[in-house]
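Please read these notes with the structure open beside you.

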Amino acid sequence: MAKLEKIKYQHSLSKDIVASFVVFIVALPLSMGIAIASGVPASRGLVTGIVGGILVGAISGSALQVSGPAAGLAVIVVELVRSNGVEMLGPVILLAGLIQTLAGVFKFGKIFRAISPAVIYGMLAGIGVLIFASQFHVMLKQKPHETGIENLITIPISLFHTFFAADSVNHLMAAAIGVITLIVLLLWDKFKPRSLKLYPGGLIGVLTGTTIANLLHLSIPYVDVPVNLLEVIQIPTTGSLIRLLNPSLLISALAIAFIASAESLLSAAAVDRLHQGSKTDFDRELTAQGFGNIVCGALGVLPMTGVIVRSSVNVKAGATTRLSAILHGVWILLLVVLAPGLLRMIPMSSLSAILVVTGYKLVEVENIRKLKQYGRMPLVIFTATFLGIITTDLLKGVIIGIVLTIMTLIYKISYLNLHLEKDEENRRIHVYIEGTATFIRLPKLASVLEDMPPNTELCVHFDKLLYIDHSCLDWLSMWAEQQQQRGNTVIMHWNNLEKRFRRPFRDLDINIENKQSKRSQPL
């Protein structure tokens, strides 16, 4: 028995080690690229990847989820750095991590999972367009603009400048490396050999672009990684922490905490569907993500989330325990410490090309098809969130989506429709009540039902009634008796309502039914 357990352990260990290497080669270019997209040195993204792997991987609530810098936060970080300086990055992330940790401790993890999918999909699509537009300029050795709209509408200008400006040679060389990386990435993902399916197109594309750029000694921008990793650490000062009292910085911290939490927990839920092992403890996962961001904030590097791309690769590569996530962070640390020169050989345009594809993939048409199945309103929320992010900023776009979701919920809760079908020949009126009958809509219910002609048979149908409260129930019983006194015959079709609510509604109008004539039996 002990020998069998030892064999299983060795088999599991070997699987985790192999999976850790696969995740490592996926995470390495993405960590650097997301840092560049966030407006900070690539090394800050690497440090976040190390913390996400070694620290969060050891304590997370999802054993197979892999954490690190995420494209979803790049939009907020770049605006934060642009508006307040890189010295405020650490304090804001530290505060965001504290908010996440407290949310996890107080068991708020499951609340984040209740966010409307329309808002999440709209957020991801908006982020994808912003990343695509900004990194397209970087791939051409151009400087991205401050807003998403500017980046989108100036793409033709950047293309013109690349080909026809006075210094177009340097721009063309950078663009050529970016395009080569892009083509190799797309072709590899489509036609890669089955035996090499675990090796991502991003890595192959970067290796190809790096090899060509270095063989030809091209004079283009390359990744800047310091010899000593400690050089990138920027511990928050007392003055920077005091600046957190600024309302705009508090809002940025809340935005990072909210988006990082939602993305991490949605990723964890997706990972749960990919394997048969133990499922996620969402409160523990939220606490672990918060603790990781506290550490990242204390170091002054990028914020982190659980990342579905790395996590799904981890599962597909055969990982069985959290060891694979931890080891992937160890491999990043060893590479940065022992061979930083290799990283400095990577062209910036190659990393930008990867992010162009990443941004494009975030706009998933399949998500729109899924929302379409649930009616028009989810598509409206998706579109409003998407356009709000592109035209204003990430936080405002998400708020627009959440507000629309709440308004939709309030509408559904308060929606009540009364449809009348009149049979003049038989002096009969069918009343169909749809939606939710609560005290809020009692005035509407009364205004319609009180205006009934005398000597008429009234058949009230509840098949499409979703809910009825005691106020409306009591009023309907009183109304039925009053109509009977006016000479009307009232038939209340409680049957379907009784089955759904498991309550004896029929007792309320038993006297009325006893007085009905033979011609007025329920249809």
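1. Does Phe164 count as buried or exposed? The model is predicted, and in it Phe164 has a relative accessibility of 61%. Phe164 is therefore exposed, since the cut-off for that word is over 50%. Phe160 is also on the exposed side of this cut-off, with a relative accessible area of 53%.

2. Phe160 and Phe164 both lie in helix 8 (residues 155-164). They are four residues apart there, which means about one helical turn separates them. Their ring centres are 5.0 Å apart and their planes meet at 40 degrees, so this pair is tilted. Together with Phe163, these two residues make up one aromatic cluster.

3. A pair of aromatic rings is described by the distance of the centres and the angle of the planes. The whole structure holds seven aromatic pairs. One of them is stacked: Phe21 with Trp331, at 4.7 Å centre to centre and 10 degrees between the planes. Phe21 belongs to helix 1 (residues 2-37) and Trp331 to helix 15 (residues 323-338), so the pair ties together parts 310 residues apart in sequence. Phe21 itself is partly exposed, at 41% relative accessible area.

4. The histidine is His461, found in strand 5 (residues 457-461). With a relative accessible area of 11%, His461 is buried. Its side chain makes a polar contact of 3.0 Å with the side chain of His430. Setting aside neighbours within four places in sequence, His461 is in contact with His430, Val431, Tyr432, Ile433 and His493.

Conventions. Residues are numbered from 1 along each chain as its sequence is written. This is a predicted model: local features need pLDDT of at least 70, side-chain atom pairs count only at pLDDT 80 or more; totals for chains, interfaces and linings use all residues. Side-chain values use heavy atoms; hydrogens and water are left out. Rings of Phe, Tyr and Trp (its six-membered ring) pair if their centres lie within 6.5 Å; planes under 30 degrees apart count as stacked, over 60 as edge-to-face and the rest as tilted. Helices (H or I, at least four residues) and strands (E, at least two) are DSSP runs, numbered from the N terminus. Buried means under 20% relative accessible area, exposed over 50%, partly exposed in between (1.4 Å probe, protein chains only). A polar contact is a pair of N or O atoms within 3.5 Å; within protein, one must be able to donate a hydrogen and the other to accept it, and residues adjacent in sequence count only if both atoms are side-chain atoms. Contact means heavy atoms within 4.5 Å.
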